[in-house]
Every structure is written in structure tokens, then in C-alpha cells.
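Good morning, and thank you for the time.

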Amino acid sequence: MNPTSTTVFGEWHGKSLDDALLECRDMVESPDFEPVARWRESGGKVVGHFQVVFPEEIVHAAGMLPFKVRGAPVEPNLADSHFGSYLCSILKTSLELALDQKVQLDMFVSHPICDAARNLAAIWGRNFDYPCQILYLPQNPNSAGSIDYLRHEYDRMRRLAQDVSGREITDDDLRCSIAVFNENRRLMRDLYDIKRETPWLIAAEDAYALVALAGMIPREEHNDLLATLLPLVRERTTRPEDRIRLVFEGGFCEQPPFDLIRMLGRTSYLVDDDLLIGLRWITDDVPTDGDPLLNLAEAYIERSSYSPVQHDLRKPKEKMLIDRINKAEADAAILAAAKMCEPGLEEQVAYTHALDDEEIAYFVSEFEENMSSFSQLELQVETFVEHLLFA
Amino acid sequence: MTTEQSGQELVGRGNREGAALFKDWFTELDQTAANGGQAAYVFVMGSLNEILKSFDLPVVFPEINSLQTAVRRVAHEYLDEAEDYGYSPDICGYVKADVAVQLRGGQHPMGQIPPPSLTVLTNACNTYIKWAEIWERMYETPTFTIDIPGTRQAGTQTWQGAADFEADRRYIEVQLTELVSLCEEVTGKKFDIDRFREVLGHANTMSRCWNRILELNSARPALFNAVTDGTIFLGVANGFRGTEAGARYFERLVEEMEYKAANGIGQTIEEKYRLLFVGVPCYPIFRRFNELFSEWDATFVNSTYLWFASGGTNRGFEYDLADPLASLAEGTLVSVRDAMDSMFHQNEILADMITDFDADGVIYHPIKSCRTVSTGLADGRRYLTEQIDIPTLFIESDMMDRRVVSEAQMKNRIDAFFEGLESRRQHSLAGT
């Protein structure tokens, strides 16, 4: 599907595992999103999709690059005057990337995931000439009408992607894209199996970097990256240490600073999380036969993860979290929320009460993508972890 | 009774009768709570009263309960209690005040609020969804989300007959059918289509009248203050939607407003400036907030609040009683979508309002508590002032939390705004 033969992230090629992972970390930590610029320079078009979930297969089938808009550790110098106070950082830094042309898009899509983010398409639409749309993912996935509705909404997205790319998207194109993404989902599941089963083999920040790259490079390249590095990770001979196993919850939208993840990895094993959960939303293969849009819609509703921004009667969030903790055999959870993130902050209350009932230890915290000092937080986390280790 | 006497009785009748109806409503809720009766929790943007009233379910609007705590200046007690329970200072104050009401077993300054037997919400505000989850956990009673797709991009709304519109409408109709079944299950009553038609008929009257009332306020002087009086009318529009009492109230309100328009009767001030209000009122200092403007002989002639907080019934959509459920689906889509547009894509609406209501300025009041309404206002204001030469003022505070309401700072900004308006007017008169 790649319209160009350019590799947009080749820095890791031919390097040792440690050096390759260093390249991955550097690329994810950089606020410049160089792979996206390289893609554009080679003539490709880019569709920015704001957190959390987006049917990237549709954009991929049009030969465009789906770029996950998830903010960046930058100062919102240009974007600040477009927003009022009391808002999370990701809104501002995402717009900043576009206003200062760090990332140039041909189309932008957001979803009504929260009260703040649902304003984004309108804001971007007033500032850019390219299509800036809302994708209305079903907020009533329990209705019998939700799958048909979503299939139609995906078809609308297909029509829009065709207009922007200037290229027809056939069902076969979609099936090919679904196959590429199925492979990607399989590799991501493999990565999380490593985290859960042998967390000493991969550092928390390395696992995060490997996932995050999926949001900025073509999936074929990402598949190649994971397919090459994951077997090498499994071959490592690192010995397990006596560390607390933690689940991190609260990274579904705004991302914690890279250094925060690194800090958590230093003090514990991060055995599962909801970081960039949208890239891992669908939990199983999507069928490649039949109606591809219907298959995608059905997978979204029936075979998917959970987050505080989707209400599904079948997936009470606290129960899902407890399942995640149990499945990962975690000792405790970090219940984080981005500053001013209403759904995240609201969910924290339900999580804490549910974990109290289950007598599962937890640590509550807030973060901001731009925060740079962790000494206080690190001390608190260390105290929490020591308390668990020696209690 | 002389014509003059009957005119005097008409003027202000809407406010008096609105207050009385409000009292009746809370008395009914109090009795329901005392008797252990059923009640449905709903929200202003898409209450679906049309279905709930067909089952004779009393409706509770937690948004209205919460704002009442602010107007009565006790909101801080409730907010503190919810924050002690674990809720962050950075989340919606309405939610927190309600959590405290629930933790107090329904005790509210206006009476006892019954717990929900059923919750019906829309996606017009995401906090509705998170809020309903709280009751789901507290009471384990059913929650039903009516998911209403909104406008995908400014100016691209689709309408009846278009495939995209029909897909949205169909989705809503399926959900309404499911809601009817759920209501039957919860109440143990069979759905009565004739009763439903009767409710829709009352809702039609109310929508028609609401649309007319808003239109009439383009009169000079304006007939009512869109922020203060308008909030009373809104309370009735929401709480009594689909009822005979609501329909009667709005017919009488139209009568009052038409009388005032015909006789050039405005408000108590000499109207010097006509303003539009964008955002949510500052309930912790509700009267005082308005005084900061009325002291300059300014009045609010219209607001986006009267649009979105009425669930888009400002459009005046009337249901087709021959095909009631399909028509309710269509009306819900058109109206609630419009309510969302008046929050997210309000620039075209404001441009029309500025012309139609001959407005002198636009007051933006984003609030900490409501990111749905507030997030896009700074950018919207930038855009509007690039398109239209009109003075605007941007003041941030809150609808619930007095900790972020600074009256002195607000007064300074408002006074400066009016000094600018005054100067602008003088320059205009002098032709400079």
C-alpha cells in the first residue's frame, strides 16, 4: 500500500538489539516526528487521527499514512491562544504540531472521546483548509443498531479517504490492509505476552517505544520492526529480579512523559498497561473475507479492549482493570490520569473503590506530557513499591 | 378587568408561573422519594421526556438540581463532600454536586430527590456518560445511552433523504425502540401509542412556542433577558417537556411576549446595549453576574445556552404524529445535533444572531466545569472577530465552583469592555 518505496524509519536496520531499541526510543522521544516528514517528502499523504481509536485500515487502503495524533512534549506557543484554561495538555500540543507545521496533514479526524477532544475537529477546521472531521464511533455499542451504523460511518470515512487520496478504495484493498493490521495486532500481542510473562526481557520504555512507533510509520515497516526485534528480545538471557509487578492504567489518551515510563520501569516490572490502547484496541484477528467494513465494525464492537471513554455495559471498567491485573499477575496498579483529563480522573474514583474492595494495592497519580521533574514522584513510587516488597 | 389591568397581569407572568411550576415539580419529586416511587434520571440535551412521560415517569434533571445548589449558594458544601469522596477539583461541578446529593440519600435544598429507577442519557455531552456510570455503580439500575451522531464537519450537515442522514436516523430509531422496551420492563407498563402521541403533541406545542419566544426577543427593547429570565423558561422547557402543563405554560408565555412586543415593553433597564451570551451562566453569582452588565444598561438578547440547554428544541421541530417513533428519531437527530452545533460550530449561528438581534457585542463565558461548551470558545472567538467586526469579551469562571469565580476581576474586565463599547459608539456617531 505504500505509495513510495521509501523507508521512513530505517535507523534501526543492521544494528544490535540494544542499539536498535535505542533508535526506537530516540525516535519516539523526539517531538519532530521525522518519519511523517519523510513520508510526505516522498510524495505520500498523511491522515492525522486523534486519540483513542481509529480504523487505520481505511486510510492505509487509500495509500495514505495514518498518523496517531497524541500530543508531544512541546510548548504550545502558537496553540495556547486558541484555548482557554482548565484543559489537558494533549489538546494544545497536538494543535501546536500542526500550527507550526512540525506535522503536515492532508486530513484530520477526531472522535467525541471526551468533552474537550470533541471540540478538536471544529477548532482544526477553523484553522486548516483540509478536511477536519469527527468520526462518530458508537457510544451505545450495546444497541442492536450499532454495528450497521458503524459500518455506514466507516463507509463515510472510506468515501472521504478516497476524495483526499484521489484513489478508489476497493473491498480488496481493504482486505489487504486488514491482513497487514492483523499481523501487526498479532505482533503487538506477542510484545505484551513478553511483558506479562518475562518482563525482565524488555524495559518498560523499550516496549512503549515499540508500540508508539506504530502511530507514525507505515504498518508494513512496523511489522518488519517487531518481527525482527521481538525474537531477539526473547533470546535475551537477562535474569529476573525480585521486583514488584505493576499495571499502569491511565495512558489511553495523553501520554505520560517518556521519562516517567522509564522511571516506573526502573522501580518495578510494568507487566501491562493501557498506554496507546487504541493501537491495540481490537483484540483478535479481523476476518479478511466477506464485507471488510462490516468486519471492522464488528471487531470494534465485539472484540475490543476497554477505556474510560467508551461506555459498554458488557465492559465495566473496574472489572476490566481487575481482569487485566489478574491476567498479568500484577501485585499492584498505578492509577494515573492526565491533568485535567475528566474521564481519567472520574475513572480513578471507581478504580480506587473497586481495588479497595479487592484488596489490591494501588498508587494514584496525575501526570502531564510536558512534566520534566520526577524526583518527588519517583520517591513516592519507590516508597509505595518498598512498602509492597517488605510489607 | 381593564385592558391595562390584564396587560399588567401578563407582564412577568412567565416568570411567576415558571417559578410555581418549578416548585410543583420538586414537590412531586419529593413525594416520589417519600413514597418510594419510580423516577428517571435524564439530561437537558435529549431528555427523551417524550418516551418517559408516556410511561408517566417523574423525571429528575441532575444538571438542574446541581445548578440550584449554586444559585442557592450552597454548592461548595456539596463540592467539598464529593471531593472528599475522591473526585478531583478538576472535574465537572454538576457531577460532584450530584454525587454529594446521592451520598446524602437524595437530600437537596429543594427537597428530597428520588434515586433513579432508570437513567436515560445522550452523547451530547461525554460527561453525561461518565455521570451515568456513577449511578450505575451506586444503584445498579439500568442506564440507556441514546447515541446521536452529530455534525461531522461545520457546514456538512445532511438532511432528510440523504443516505448518511438516514443511517443516523435509523440508528436512533433502533435505540428508541430498545428504550421503549426497557421502559416497559422497568415500569411494568405496556407502551401506549396513543398516550405517546398525546405527549408528542404537547412537545410540539412547546417546541413551536420556544422557537417563537426566541424569535420575539429580537424586538427592541428586548422582551426578556436571555440569561436570567431565559433560565427560568429553560427549566420549564426541560422539566415539563411533553406535558400539558408545559404546553399551556409556553402558550401563555408566547401570549405574554407578543403583548410585550406589541406594546414596546422591555425590561426594567433603559436598553443601551444588546448582547449575546456564549457559554454557561455563572450560577454561583447568578444575579450579580447579570448586574455587572445591567448596570451599564446592557441586556442579553439571546444566547447559545438557550439553544443547547433546550436540547435543540429552539429549532421548533414538530413530530409527525402519524409515524411517531420514526418521527421522534428524526426530531431527536435534528434537534440534539443542533444543540451540539451551537456548542461546537456556533460561529454561523452567532453571525446570524448578531444580525437578527442587532447585537452590540458577544460575551464569551467559558467555565472550568464544562469542557464541552468551553474548549472551543477561544478559537471560535478568534475566528468570529476575524470575520465580523464586533466587540467581544472573554471571561472565564465556573457554573458551580465559587473558588474560580472572581467577581472583582470580572467587574474590571466587564467595565473595560463597556468603556470600549461606549468609545466605539461615540466614534461611530462622530463618524471618526
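I begin with Arg185(A), which is buried at a relative accessible area of 8%, where buried means under 20% relative accessible area, exposed over 50% and partly exposed in between, with a 1.4 Å probe and protein chains only. This is a predicted model, in which local features need pLDDT of at least 70, side-chain atom pairs count only at pLDDT 80 or more, and totals for chains, interfaces and linings use all residues. Residues are numbered from 1 along each chain as its sequence is written, chains are lettered from A and ligands numbered from 1 in the order in which they are written, and side-chain values use heavy atoms, leaving out hydrogens and water.

What is the partner of Arg185(A) in a salt bridge? It is Glu57(A), with the closest N and O atoms 2.9 Å apart; a salt bridge here is a side-chain nitrogen of Lys or Arg within 4 Å of a carboxyl oxygen of Asp or Glu. Glu57(A) lies in helix 3 and Arg185(A) in helix 7 of chain A, so the pair ties together parts 128 residues apart in sequence. Helices (H or I, at least four residues) and strands (E, at least two) are DSSP runs numbered from the N terminus. Glu57(A) is buried too, at 3% relative accessibility.

I turn to chain B. Arg241(B) and Glu50(B) form a salt bridge at 2.8 Å, N to O, and both residues are buried.

Finally, the contact between chains. Glu347(A) meets Arg137(B) in a salt bridge of 2.7 Å. Glu347(A) is buried at 1%, whereas Arg137(B) is partly exposed at 30%.
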